[in-house]
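Please keep the sequence and the 3D view side by side while reading.

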Amino acid sequence: MAITEQAPASAKRHAPRLARTSSRIAGHGRSRKSVTLTVLMSLMLIYALLPLFWLFVNSTKTQGDLFSTFGLWFGGHFALWDNIRDTFTYNHGIFVRWLGNTLLYVVVGAGGATLLATLAGYGLAKYDFPGKRGVFAVVLGAVAVPGTALAVPTFLLFSKLGLTNTPWAVIIPSLVSPFGLYLIWVYAQDAIPKELLEASRMDGAGELRTFFTVSLRLLSPGVVTVLLFTVVATWNNYFLPLVMLSQPSLYPLTVGLNQWNAQSHTVGGQAIYNLVITGSLLTVVPIVIAFVFMQRYWRSGLTAGSVKQ
Amino acid sequence: MSVSMDALPGSSRRSRQHRRRWTGWGFIAPFMVVFAFALVVPVGYAIYLSLFRTQLIGGNSFVGLSNYHQAIEDAKFWASLGRVALFLVVQVPIMLILALAAALALDSARLHWAPLYRLSIFLPYAVPAVVASLMWGFMYGNQFGLVASINNALGTHLPDPFSKGLVLTAIGNIVTWEFVGYNMLIFYSALRTIPNDLYESAETDGAGAFRVIRSIKLPSLRPAILIATIFSIIGSFQLFNEPNILKPLSPNTIATYFTPNMYAYNLSFAGQEYNYSATIAIIMGILTVIIAYAVQLWGTRKEA
Amino acid sequence: MKTPHRMRTLPKRTTALAAAGVALAATLAACSSGGSSSSSGGATGNASDIAAALQKSSTITVWAWAPQTKDIVAAFEKQYPKVKVNLVNAGTGTDEYTKLQNAIKAGSGAPDVAQIEYYALPQFALGGSLANLSNLGMDSLKSDYSGAVWGSVDINGQLVALPQDTGPMALFYNKSIFDKYGLTVPTTWDEYVADAKKLHAADPKEYLTNDTGDPGFVTSMIWDAGGQPYKVSGTQNVSINLQDAGSKKFTAAWNQLIQGGLLSPISSWSDQWYQGLANGSIASLVTGAWMPGDLESGVAAGSGDWRVAPMPTWQSGGAPATAENGGSADAVLKQSKNALAAAGFLQYMNQGAGASIFANEGGFPSVNSVLNSASFLNDAPAYFGGQKINQVLSDAAKSVIPGWSYLPFQVYANSIFADTAGQAYANKSDLDAALKAWQTSSAQYGNQQGFKVTSN
C-alpha cells in the first residue's frame, strides 16, 4: 500500500482516564482461558510468522540450495554466516552504505517529522489563531492525493531546485507527517491541562520554554508513538528515493535490495538471490528489534492517544 | 480525512492577549513550510500540468480540460479503477474483520499468552512493502518456489497464484498480511479504553461474553472502525508497490494499468505522458476525498 | 463525529489553496521553461580536439550497467589520469531510461555518457537528447563495424552513439538433455517445433524453452524471419505492420508452441528461470550472443552441458540468417558540459583498449577488429565443453539481416507488450491477433504523440 503511515489513532468519544483502563484488567481478567480461541489465534500467528520463518530459513541457504530444497526447511548446508558476510562485502560493501543511508534518512527524516508534528500538533491543540481551521482541512485533505502519482511533479520541482540526487530529496518529503500532527493534536488536548500552562505563564516563562519544560514531558508517550510510526514509514520508504535518486551510493536499503533483485535481469549481471533474501532479513531485523524493545512506550502512547476526542 | 473535524479544539472563543494570537502560528509554521513545499506545491504543479499536453513531436500546448475529458473516456483508467474497487470491497472487509476478531480475542482475557500473539501478528507491519513483495514473490513460484515445493511434497495441485483469476487475490493476501496486525492494534487500543463501569454493569446484568461484545465493545469501536476503513480505502486506491514489484514475475497478468497508480506511473515514466499522468493523479485524489467523505457521512449517520 | 456543517468549509479551502499552488507552480515553470530539449547545439570538434580534452582536468559521469565497465574505467583513468570518471549504475535498461528521461525533462542531472540499448536509441535520438558524434569526426569509424550494427546507431543521418556489445542470435542448448531425450539440434524452425513436442511428450516437466512473451524476443524473431514491421521516414512518419510476411512466419511457428502448451510458463530472468536452466527443465534458449556470460555466472550448475548452434532457418537448407537481440551502445548526452572528454572516453571504451577488456571479460564486442581476432575466435570455454563458441557467434554477427529499424517510441511500445500481445501467451490464444492488438495500441500512442502513424 502506498500509505506507509497510517493514523495510529482511533477515535472515541468521552474517553476515560487512563487509570481506569488499568484498573479494569484485574476485574476483567477473571475469565477462564479458552483453548478454542487460542487455537484460532494460533492460526493467525502462523499466518503472520510463516513468511518471516521462510525468510530466515532461506537466508541460511546457498544460491543452489535456495531453489533445490524445500522452501520451509533448512537446506543441506547452513550458509547464514557466509550469506551475511557476502551481503556486507558484495560490491565493496555497498550494503553497509545503504544501511548507513537508511539510518540517516530515518534519523533526520523521522526525527524531524516527529519534531515538526509535535510542535504543530501542540500549537493547534493549545492555541487559537487565525486560519486554524483552514490548516486542518488542507493538511488532512492533501493526504488523499496519491503520492505515487505526484512523484513526477515533485521530481521536476526538486530537480529545478537542484535537490534531486541528494539526500534532501528523500528527507524533505518525509519530514511531513500529517498523521503525526493529528495524533499529537488529539493527544495534547487532554494530556496537558490548561491550568498547568497558565501557571507556567504566571511564572513568566515564555511559550517556547513552557513547551520544552512542561508540555513536552507530558506529551512523551504520544511523541514516542509518532516516532515509531515515522520510523517505520521512513525505514520502509521505497518509491520516493527510487524516483529521486540515480546514484546507488545514496540508495536506502529498500531501493538497493530491489536493485540487487533486478540485477539478475542484466546482461552479464550476477544473479544473487541468496543475498537479496539475506539482505531482506537484515533489513527487517533492526526494525523488529526496535518494535519489541520500544513496545512498552508506544503501546501506552497508542492506547492513550487513540481515545481523546 | 475529515474524520476528526470535531476534534477541532478552540472552542474557547474568549479573547486572549493579542500577543498570543499569532503564537500558535509559531508552533505550526515549521510544519506548514515543509508541508507547502513538499505537498501543496507539487499538487498545484500537477494541476497546472494537467491543463497542458506535451507531445514528442509538436511540443507543449494548453489544452484546458481536455485531459480530463480523455480520462473519462479512457477504458484503461476505468479498468484500473474497477480493479482497485473490487480489491477494496473484498480485501478491506476481510482484513478488517480478521483484525477485529483478533483484537476482540486479545481483549477477551481468555487467550493464553496474549502478549505473544499481539506482538507476533503486528510484526509484519514492520516489514517494508518491498521486502514483503519480494518474499511473497519467491514463495508464490509455482514452478520452483514454495507453491511448487508444497505441491511436490503433498501431491497437491495448488493453482498458480499469478494466474489471471488469482493475481488480485495473491496481492490482496500480501496487503492483508502486512496490515492486519496494524489494524488489530488500533482496535485493541480502542478496546482498552472502554470504561470499566460499563463492564461492571453488564456483569451485574448477567450478560455473556458475546452480548458484551455486541452491546458494549462493538459500539465503542465504531469510530475506530470508521477511521481504519477510511485509511484502508485510501490505501487501496493508492495500491502500487506490491503489484509493481511483482510485475516482472507475471507481466501478462499484471498490466501496466493494473491500478490507477501504476497507470499514472507508467504513463509518465514509460510513456512520457506527464500531463495525462498528472490528470489521473488529480482525479484519483478527488475521488478518494469524495469516497472517504461519503464513508464518513454514512458512518456518522448510522451512529446518529 | 457529527459536525457535518464544518465539513462544508473543506472544499472551499482546498480549492483556494490549490489555486495558490497553481500560481506558484506556474511561476516556477515559467522561470525555467525550455529545459527539456533543443534540436540544435552539441559539441563540435575533431580527433585532435578530443585528444587535447583528455589531457585536461575534468570529471565525466557515466551511466552504465555492463559489469565490465568498471575495469574499463580503471584502465582509462590510468591512461588519462587527468580525467576522472564517475561510474554510476543507474539501473538496467528501462530503469535507467526512466531516470535519463526524467533528467532530460528536468533539463539537468543527466550523465555525460549513457549506455542505451539499440531499441531505445531512436527514442532518445529523436528527442534531440544525444550529441551527434559525426560533429566530432567519429563517422570515420564506420569501417570497423558491420553494416547492420552501424545502421542501429546511425539514425536519420546522425551518429548518435558508438556500439558496445551486440547480440546476434544463436541457439543455446543443453546437450545433456538433448542427448538424454534423443533430440537432434534443430537446423530449421520446423525441426525446432518438432523437438519441442518430442521433449515435452517424453517428460511433461521438460520444455524446449520458456517464454511468457517478451517484446525484444518477438521483434528479433520477426527480424530473423525477414520482417520489417517498423518503418520510419523523416522524424515524423512511421508505419507499423506486424502482419507482414516475416511476422506471419514467426507467428505460424510460435503459435504451435503457445497453443500446444510447449513453452515453460516462466518469465526470463526470474529466479525460477535460473533454476529451470540449472535443473535442465528449460533445455534451450534462442537469444543474443551475450548469453554465455550470463549462463556461466547465473547457471553455474550447467557447466559442461551447454553448447551453441547457429539459428535455425525458416527453410530447409536456407542461407544462414539471424537478427540482433539486445545489445547496447553508448551515447554522449547533449547536456554534457565535457562532451569532448566524454567522446574520448566513449571511443576508448568501445573502440580502443576498452573493447578488448570488454571481450576478455565475457562481453560480446561489436568492433570487427576484436570480433575477428584469433584470440577471440579460438577461445574454448570449459563451460561449453571446450566448444569454440565465438566462431559460431562471430559467424552469426556476419549474417545479421540489414535494414531493420525500431519505432521512435519503442520503449513505450515494449512496455505495453504484455498488456496486449502478452495475452496470447497467458490465454494460449492466437499470437497473430495479439500482435495486431499490440500494433493498434502502439499506433494509437504514436498518433497521440504527434507522429503520423500508418498502421494496417
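1. Basis of the note. This is a predicted model, in which local features need pLDDT of at least 70, side-chain atom pairs count only at pLDDT 80 or more, and totals for chains, interfaces and linings use all residues. Residues are numbered from 1 along each chain as its sequence is written, while chains are lettered from A and ligands numbered from 1 in the order in which they are written.

2. Chain A. Chain A has 13 helices and 0 strands; here helices (H or I, at least four residues) and strands (E, at least two) are DSSP runs, numbered from the N terminus. Of the 309 residues in chain A, 58% are buried. A residue is called buried if 20 or more other C-beta atoms lie within 10 Å of its own, exposed if 12 or fewer, and partly exposed in between, with C-beta atoms placed from the backbone. Among contacts in chain A with a separation of 6 or more, 77% are between residues 24 or more positions apart. Two residues are in contact if their C-beta atoms, placed from the backbone, lie within 7 Å.

3. Chain A against chain C. How many residues of chain A are in contact with chain C? The contact involves 29 residues of chain A and 37 residues of chain C. On the chain A side, the elements giving two or more residues are helix H3 (63-68), helix H5 (132-142), helix H6 (151-160) and helix H12 (253-263) of chain A. That side has 12 nonpolar, 15 polar and 2 charged residues. In this count Ala, Val, Leu, Ile, Met, Phe, Trp, Tyr, Cys and Pro are nonpolar, Asp, Glu, Lys and Arg are charged, and the others, Gly among them, are polar.

4. Chain B, domains. Chain B is divided into domain 1 (5-50) and domain 2 (69-303), with bounds that come from an automatic or database domain assignment. The C-alpha centres of domain 1 of chain B and domain 2 of chain B are 31 Å apart. Their contact takes 4 residues from domain 1 of chain B and 6 residues from domain 2 of chain B.

5. Chain B, annotation. An unreviewed UniProt entry lists residues 81-295 of chain B as "domain: ABC transmembrane type-1"; such annotations may be inferred rather than shown by experiment, and positions are given in the numbering used here, with feature names shortened. Residues 81-295 of chain B are 74% helix and 0% strand. The unreviewed entry also gives "transmembrane region" for several spans of chain B, including residues 22-48 and 84-104. Residues 22-48 of chain B are 96% helix, with end C-alpha atoms 32 Å apart. Residues 84-104 of chain B are 100% helix, and there the end C-alpha atoms are 29 Å apart.

6. A buried helix. Why is helix H11 (residues 260-269) of chain B described as largely enclosed by the rest of the structure? The description is given because 10 of the 10 residues of H11 of chain B are buried. Among them are B:Pro260, B:Tyr263 and B:Phe269.

7. Chain C, sheet of 5 strands. This open sheet has the order E2-E1-E3-E14-E6 (chain C), with mixed pairing. Two strands pair if DSSP finds at least two bridges between them. Strand E2 (83-88) and strand E6 (162-165) of chain C stand at the edges, each with a single partner strand, so one side of each has no neighbour in the sheet. Helix H14 (residues 339-350) of chain C packs on the sheet, and its direction makes about 160° with that of E14(C). Axes are lines fitted to C-alpha atoms, for helices over the stretch in contact, and angles run from 0 to 180 degrees between N-to-C directions.

8. Strand E3 of chain C. Strand E3 (residues 113-117) of chain C has 5 of its 5 residues buried. In a regular strand the side chains alternate between the two faces of the sheet. C:Val113, C:Gln115 and C:Glu117 point one way from E3(C), and C:Ala114 and C:Ile116 point the other way. Strand E1 (residues 58-63) of chain C runs parallel to E3(C), joined by 2 bridges, and C:Trp63 stands opposite C:Ala114. Strand E14 (residues 328-332) of chain C runs antiparallel to E3(C), joined by 5 bridges, and C:Val113 stands opposite C:Val332.

9. Chain C, sheet of 3 strands. Here the order is E9-E10-E15 (chain C), again an open sheet with mixed pairing. Strand E9 (230-233) and strand E15 (452-455) of chain C are the edge strands.
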